[in-house]
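Me: I have a structure open and would like to learn how to read it. Please take me through it feature by feature.

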Amino acid sequence: MLVSNSHLVMVVGPDGSDIPSVLPLLEKAKVPEMNTVGDPRYDKQTSQYFWRLTPSDSTQAPALAYYTFQKGFTKVAEIFTSDLSAQTTTGPFKASFTKLGGAIVKALTISPDQSSYQTEVSQVLASHPQAIVGEMDSQTAATFLSELRQQNGAMIPFVVTQRATQGDWAPAVGPAIGNANLAKYVTAIAQALSSTGPAYDPYQQAMTVPKANPFAAHNSFVAAQYDGILAFALAMDMAKSVDPSAYIKDIAKVTAPGGTVVHTYAQGAAALKAGHTIQFVGASGALVLNPFNTADRPYAVWSFDPATSSWRMGQQLPA
């Protein structure tokens with residue numbers, strides 16, 4: 001792509017498994033990229049071409065621990081799949097949860113997408129947890145939770161990462177355990193997202209134009225990427241150039257607090273043209289970037305709504 005397209009001004013992505021090999025290529029080509037990679041290895045990265053639009057897993061883990069402990073679940077089973085995106089959360093969660101006073105009665109790392117987890121389910125139930133905390137992809141969660149329900153005769157509360165809010169998860173897990181159980185027993189801790197307002201409403205309207213999947217308008221990661229593209233565009237306007245070497249220094253400036261608050265690209269472009277300093281606050285909220293180009297965003301509690309077949313945001317967790 002880099003060889004055949006010399007005019008690229010930015011790249012959306014890559015994801016966590018690809019970025020170690022792809023980022024050096026983009027750096028060499030001087031093409032900035034925006035991502036939603038949670039890997040804590042990038043918490044203090046120094047590349048000016050790396051821009052993370054969502055928080056690190058090192059902050060998601062304490063959010064998981066905080067919510068779980070505040071709900072009164074002091075003895076939990078911790079279950080994460082062996083893939084990289086899940087494993088970057090498990091260590092920080094253990095540290096945070098035990099520091100709060102909680103106990104992990106069983107910790108398991110399971111291989112994803114197996115045909116059965118009967119043995120692992122038996123081990124979990126034998127430890128008598130008040131709740132399960134972890135991350136599983138859609139197929140793994142559907143199999144594991146349905147077998148847990150069968151062996152136990154009922155569901156156990158499951159506090160899961162943002163992985164549950166992605167579009168493939170509920171359609172797989174809901175039929176496996178029942179949408180009523182999904183709504184009652186499964187809670188996702190994911191990045192906060194406004195549900196109404198001057199930035200969210202245009203975003204939701206924009207999602208209907210390409211007939212996007214219904215989950216997109218309520219997904220914090222989709223909204224963050226949407227906002228990131230607008231922020232990059234406003235940085236280009238501020239620099240009066242689409243050359244990355246010219247506009248890259250302005251990405252953090254157009255989202256920093258202190259300027260005239262704008263919620264859409266049109267508002268931002270007009271304010272810049274009028275000579276104002278701006279702070280773009282989009283559908284996913286303020287995009288305040290730290291010195292390592294990561295957006296430090298708050299988390300919220302998400303629950304599944306069977307009536308709309310989508311995830312709905314509840315209380316926002318304290319910073």
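Me: Which residue stands opposite I132 in β7?

Reply: A word on the ground rules first. This is a predicted model, where local features need pLDDT of at least 70, side-chain atom pairs count only at pLDDT 80 or more, and totals for chains, interfaces and linings use all residues. Residues are numbered from 1 along each chain as its sequence is written, and side-chain values use heavy atoms, with hydrogens and water left out. Helices (H or I, at least four residues) and strands (E, at least two) are DSSP runs, numbered from the N terminus. Two strands pair if DSSP finds at least two bridges between them. Now your case: I132 stands opposite F158 in β7. β6 and β7 run parallel and are joined by 3 bridges.

Me: In what order do the strands of the sheet lie?

Reply: Read across the sheet, strand by strand. The order is β5-β4-β6-β7-β8-β12-β13. These 7 strands form an open sheet with mixed pairing. β5 (103-110) and β13 (310-316) are the edges; each has a single partner strand, so one side of each lacks a neighbour in the sheet. From one strand to the next, the twist averages 25°.

Me: How many bridges link β4 to β6?

Reply: There are 5, between β4 (residues 75-81) and β6 (residues 131-135), in the parallel sense. F80 has E135 as its bridge partner in β6. Turn to β5, and F80 stands opposite T109. β4 and β5 also pair in the parallel sense, over 7 bridges.

Me: Is β6 mostly covered or mostly open?

Reply: Burial is a matter of relative accessible area: buried means under 20%, exposed over 50%, and partly exposed in between (1.4 Å probe, protein chains only). β6 is mostly covered, with 5 of its 5 residues buried. A131, V133 and E135 point one way, I132 and G134 the other, and all are buried. In β4, 6 of the 7 residues are buried, so the rest of the structure largely encloses that strand.

Me: At what angle do α2 and α3 cross?

Reply: Axes are lines fitted to C-alpha atoms, for helices over the stretch in contact, and angles run from 0 to 180 degrees between N-to-C directions. α2 (residues 57-70) and α3 (residues 84-100) cross at roughly 45°, and their axes come within 7 Å. That makes the pair oblique. Angles under 35 degrees count as roughly parallel, over 145 as roughly antiparallel, 65 to 115 as roughly perpendicular and the rest as oblique.

Me: Which residues make the contact?

Reply: Contact means heavy atoms within 4.5 Å. α2 brings D57, Q60, A61, P62, L64, A65, Y66, T68 and F69, and α3 brings S85, T88, T89, P92, F93, S96, F97 and L100. They divide into 10 nonpolar, 6 polar and 1 charged. Here Ala, Val, Leu, Ile, Met, Phe, Trp, Tyr, Cys and Pro count as nonpolar, Asp, Glu, Lys and Arg as charged, and the others, Gly among them, as polar.

Me: How do α4 and α5 cross?

Reply: The axes of α4 (residues 118-126) and α5 (residues 138-152) come within 9 Å and cross at roughly 55°. The two are therefore oblique. Among the residues in contact are V121 and L125 of α4, and F144 and L148 of α5. The contact residues divide into 5 nonpolar, 5 polar and 2 charged.

Me: Where does T161 sit?

Reply: T161 lies in the loop between β7 (158-160) and α6 (169-177). T161 is buried, with a relative accessible area of 0%. Leaving out residues up to four places away in sequence, T161 touches Q60, L64, F80, T89, G134, E135, A188 and I189.
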